[in-house]
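Please look over the sequence and the model before reading on.

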Amino acid sequence: MSNTIDWGKIHYSSWSPETNLTGTASTPSFSNTKSIELDGIDDYVEVADADNLSFGNTTFDSPFSISAWINMTDATKFRIVNKRDSSKSEYHFTTGGSDTLSFNIFDFSTGGFISRKYNTALTSYEGQWIHVSATYDGSSSASGMKLYLNGTRVDDTTSTGGTYVAMENTNAPFNIGKQITEFANGLIDEVAIFDVELFASDVTSIYNSGIPNDISSISGLVSWWRCGDGDTAPTLTDNGSGGNDGTMNNFSTFSTDVPT
């Protein structure tokens, strides 16, 4: 019997673009079709405390990084992510009362802190998607902290207070869109935490000229909340290795407004 394939008898119309010649399914392409929309009043996502979301042990810090896409209805006190509650603080990534972006790290036992800020208001970015990232090299110094906006490093101001030694591993939850009693007003998408200091090239890759892409192969990924894609409310599935699913509070639907 001949093993020659008669290509003229192949019915091309029956082929699936997600099936290769061996008949096995290929990996579907990455798509981003959903985000979370927060009302600025009481909507937020809470992730329970976990050791892999803390990056200090009272004596030493370890590197970590944060990545998120945001679309601010109001750039004032837009609470992106933090690990803190009313009595304990580890870190937070947010805009302040003047619409400026800051990354703040706290030594809970001493009351000290270190911070880097981009001292230009983000007001002009309201109503549009931007990518923001914060990185830290674990050096216990503000000089080891960086901020990126749309793939470009932008931090230009240092702020410190008290004596800073290291963060503590507290039992505070990790929040998306909330800082104690203040809430983000707008949309958030594709939030990720890494246990390394991302290189500038990593941040550029994540930004991807303004279009979210698959970040699963980037080194150090701990937790990645896709904010709707592959999720069933009220759970935001952790698509990293951290096992840190989030819970939607005071809202239950996803938005189709995403970065493009």
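What follows is a short account of one arginine and of several salt bridges in this structure.

The model is predicted, and a search of the whole structure finds 10 salt bridges. One of them joins the side chains of glutamate 182 and arginine 79, with a nitrogen-to-oxygen distance of 2.3 Å.

- Arginine 79 lies in strand β4, which covers residues 79-84.
- The relative accessible area of arginine 79 is 7%, and because buried means under 20%, this residue counts as buried.
- Leaving aside residues up to four places away in sequence, arginine 79 touches a set of residues that includes Phe93, Thr94 and Thr95, and also Gly177, Lys178, Gln179 and Glu182.
- Among the other residues that arginine 79 touches are Phe183, Ala184 and Ile188.
- The side chain of arginine 79 also reaches the backbone oxygen of threonine 95, at 3.0 Å.

**The pair of arginine 79 and glutamate 182**

- The side chains of arginine 79 and glutamate 182 are joined by a polar contact of 2.3 Å, and these two side chains also meet in a salt bridge.

- A salt bridge of 2.9 Å, taken from N to O, brings together the side chains of glutamate 197 and lysine 146.
- This pair, too, links distant parts of the chain: glutamate 197 belongs to the loop between β15 (185-194) and α1 (200-207), while lysine 146 belongs to strand β9 (residues 145-149), and the two are 51 residues apart.
- Glutamate 197 counts as partly exposed, at 25% relative accessibility, whereas lysine 146 counts as buried, at 18%.

- The side chains of arginine 226 and aspartate 229 meet in a salt bridge with an N to O distance of 3.8 Å.
- Arginine 226 counts as buried at 10% relative accessibility, and aspartate 229 is buried as well, with a relative accessible area of 9%.

How values were computed. Residues are numbered from 1 along each chain as its sequence is written. This is a predicted model: local features need pLDDT of at least 70, side-chain atom pairs count only at pLDDT 80 or more; totals for chains, interfaces and linings use all residues. Side-chain values use heavy atoms; hydrogens and water are left out. Helices (H or I, at least four residues) and strands (E, at least two) are DSSP runs, numbered from the N terminus. A polar contact is a pair of N or O atoms within 3.5 Å; within protein, one must be able to donate a hydrogen and the other to accept it, and residues adjacent in sequence count only if both atoms are side-chain atoms. Contact means heavy atoms within 4.5 Å. A salt bridge is a side-chain nitrogen of Lys or Arg within 4 Å of a carboxyl oxygen of Asp or Glu. Buried means under 20% relative accessible area, exposed over 50%, partly exposed in between (1.4 Å probe, protein chains only).
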